[in-house]
Every structure is written in structure tokens, then in C-alpha cells.
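This report covers aromatic ring contacts and the charges placed over rings. The sequence and model come next.

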Amino acid sequence: MAEMGSKGVTAGKIASNVQKKLTRAQEKVLQKLGKADETKDEQFEQCVQNFNKQLTEGTRLQKDLRTYLASVKAMHEASKKLNECLQEVYEPDWPGRDEANKIAENNDLLWMDFHQKLVDQALLTMDTYLGQFPDIKSRIAKRGRKLVDYDSARHHYESLQTAKKKDEAKIAKAEEELVKAQKVFEEMNVDLQEELPSLWNSRVGFYVNTFQSIAGLEENFHKEMSKLHQNLNDVLVSLEKQHGSNTFTVKAQPRKKTKLFSRLRRKKNSDSAPAVGNKSPSPPPDGSPATTPEIRVNHEPEPASGATAGATIPKSPSQSSLPAVVVETFPATVNGTVEGGSGPGRLDLPPGFMFKVQAQHDYTATDTDELQLKAGDVVLVIPFQNPEEQDEGWLMGVKESDWNQHKELEKCRGVFPENFTERVQ
């Protein structure tokens, strides 16, 4: 009997809930169609909007905080791998090995401590903060349902009162149900009207505490990590001092082409070599142009009309004895493009000057066409006469000190590796 009674209660409760849902659905339809008025509370609706916004912001902050913690974990693993690599390459007989190992251990502990404190002081606090939202969200939804029940009961009571045939018993029962529905709704409404504004205002203090905790933890972490880095730097400086002769040095790019000046000298010697046999050039065949054309300083005037055929006008000694003068100039070129060169008013700089560089490292010349550089030397960069002679990574120039002393490119110019210098002008 007890079991049947229990089943009967359960069945009755289910039926009651089903009836409530049908009544609420009918009431909502009538309200949407405008056939039934709806109780409105604008102040409460504003509180609900604030609640939803606060929940969205909090959820996003929780997600970003978890991403930040995952990044810290990844940085910890990367830092650990890097230190393990240092421990592997640090040979046993090198000074400071024990100190380097100890620094690596402390580095690992510092990352672990930082991550754990972020979890305890930020993530768990965040979880607690968001943990209150589901319950309040459920109560807001329930309050909405109770408001519909209240409106439905009110409309039912009003319809019975305005009916032509009044049934006092039904009116009394409807009034009782209205009072009950109103009481349930108002109890829930009052509680939420107090909690929602308080929850909304609490967000300021929560955000302040959360970000202050993160900032403080980061500050302490970086201070301690900075000390470890300084200690590691000291260990490595000590290692460098004892193995200074093996310091990594800057190297010039290899020159793949034949040395420039050697090639120029071979060409010059070939051009200046005397001809074998008859020193006088052979005359050209009839009707063919001469190999070496005659160069005249002044042209002879045409004979006057009526002059005796075959008569010639004698040249003055000055005219006949003047040598032919040929002036050959080479415009400055950079990769085949003609530049402005030194131009008028730039007599203090070599022809074709382009820009200045300063040596950042010493460079020992390995051939006669290369410049010997000391760190600090200023070099005046000039173009190659033939751009095809230029090797990649090499420039042509003359040291400023040599140019100021000699003013002769042939004696001073040379090639040098570009990566040993830095442009200054």
C-alpha cells in the first residue's frame, strides 16, 4: 500500500508539472499575441543583462587564464630543454660546470613554483568566482517561470470576476491560487533583486585582486629568474676568459673569382709587350680602313677655289709637332649603373666615391689586391671599373687615411669583405 501511495504521489506530481507547463505555454502565447498583459520589471531586466555580461566576461577571462597557464607550462618545458642542452655540451673539465648545473636545477624549480602559484592564486579563485553563476542563472530562469504562473493566475482570477455568471467557489479558489503564486514569485524576486546588484559590483574587486596577483607573481618570478640569468652569464664569462683564444671569429665570404689586380696586371703586361719582328705596323689593304686612324689636332681648311692643283699649304711647326692627346674617363658605376661620381667640388674624395664604411673587426689581407683593415678604419667605397669583377660580399675602396696622404687610387685601392664593416655615410 505504501508503494502504491508513493507511486500515486509521484504520478500526481508529474501530472501537476505537465499541467503547469501547458498553462505557462498558453500564457506566453497569449502575451506574445497581445491578448494578455505581462508583468514587467525594467530594473530587474537590467540586472539580468548585467548578470549575463558578467558571466560572459568571466568565462572569457577563465579561458584566457587557462591559455596563459598552458603557455607558462610550455615555456617551462622549453627552458628545461634548453638547460639540458647546455648541460650536455658543457664538458666536465670546463670551469663552472657544477654552478651551471645548479642554475639549471633552480631554473626548473622556479618555473614549477611560478606555475603552481598561478594555479592557486588565480585559476582556483577564478573557478570559485564563476562557480556561483550556474545557481543564480537557474534561479533567474525559475523566477521567470513563477512570474508566468503569477500572470496566469491573475488573468484567471480576473476572468472569473468579470464573467456574467459568477461562481463564488471558483472565484475564491482562483484568488487563493493567485495569492499563493504571488507569494512564491515575490520571495524569489526579492532575493534576486538583492543578489544581482551585489554580484555585479563585486566584479571590480575580483578583477583587481586577480590581475594584481598575476602581476605580483610575474614580478617576483622575473626578479628571481634575472638573478639566475646573471649567475649563468658570470659562469660563461669565466669560461670565455679561460678559453679566449678559441673565440668565434667573423669570417669573410670566399672569393671565387681570380684576384682582380693579378688579372689587371696580366692584361697590362700583355698590352705593353713589344711586337716581334717588324716594329712598324703593316699598311692596311687597299680600300680598307687603317687599323690606327690618324688623329689631328686641327683640321686643314679647304683649298680656295681656283687654287693650283696639287699645291699644298704648309703647316706651321707648332701644328705639325703637336702630339695627339686622348683623355679617357671612366664614369662611376654600381652594378652597371652610372653614378654621379665625385663631380665638381668633391676633389677631396676619390673619383666615383659612393659612401663610407667603418671596419668593425680586424681583417688580414690574404692577397695583394686586398685591403688590410683594423677595427675603426674608415674606408671610402668606390665602384669596380668592371662590375663583373666584383665578388659577392666584397667591395672596392681606399682607406681614408691612405687617400688623404697619397691621393692616388692605383697605390691605395683594394677590395675588402663587406661583412667586416658598417656603413657610416
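How many aromatic pairs does the count come to? Rings of Phe, Tyr and Trp (its six-membered ring) are paired if their centres lie within 6.5 Å, and planes under 30 degrees apart are called stacked, over 60 edge-to-face, and the rest tilted. The count by this rule is 10 aromatic pairs.

Tyr90 and Trp94 form an edge-to-face pair, because their ring centres are 5.5 Å apart and their planes stand at 70 degrees. Tyr150 and Phe185 are stacked, with centres 6.1 Å apart and planes at 10 degrees. This second pair links distant parts of the chain, 35 residues apart: Tyr150 is in helix H4 (residues 133–161) and Phe185 in helix H5 (residues 168–242). Helices here are DSSP runs of H or I with at least four residues, numbered from the N terminus.

The model is predicted; local features need pLDDT of at least 70 and side-chain atom pairs pLDDT 80 or more, while totals for chains, interfaces and linings use all residues. Residues are numbered from 1 along each chain as its sequence is written, and side-chain values use heavy atoms, without hydrogens and water.

Relative accessible area is classed as buried (under 20%), exposed (over 50%) or partly exposed (in between), with a 1.4 Å probe and protein chains only.

| Residue | Relative accessibility | Class |
|---|---|---|
| Tyr90 | 2% | buried |
| Trp94 | 26% | partly exposed |
| Tyr150 | 15% | buried |
| Phe185 | 9% | buried |

Ring pairs also join Phe51, Tyr129, Phe133, Phe206 and Tyr207 into a cluster.

A charge sits over a ring if NZ of Lys or CZ of Arg is within 6 Å of the ring centre and within 35 degrees of the ring normal. Arg143 lies over the face of Phe44, 3.6 Å from the ring centre, and Arg203 over that of Trp200, at 3.7 Å.

Terms used: Helices (H or I, at least four residues) and strands (E, at least two) are DSSP runs, numbered from the N terminus.
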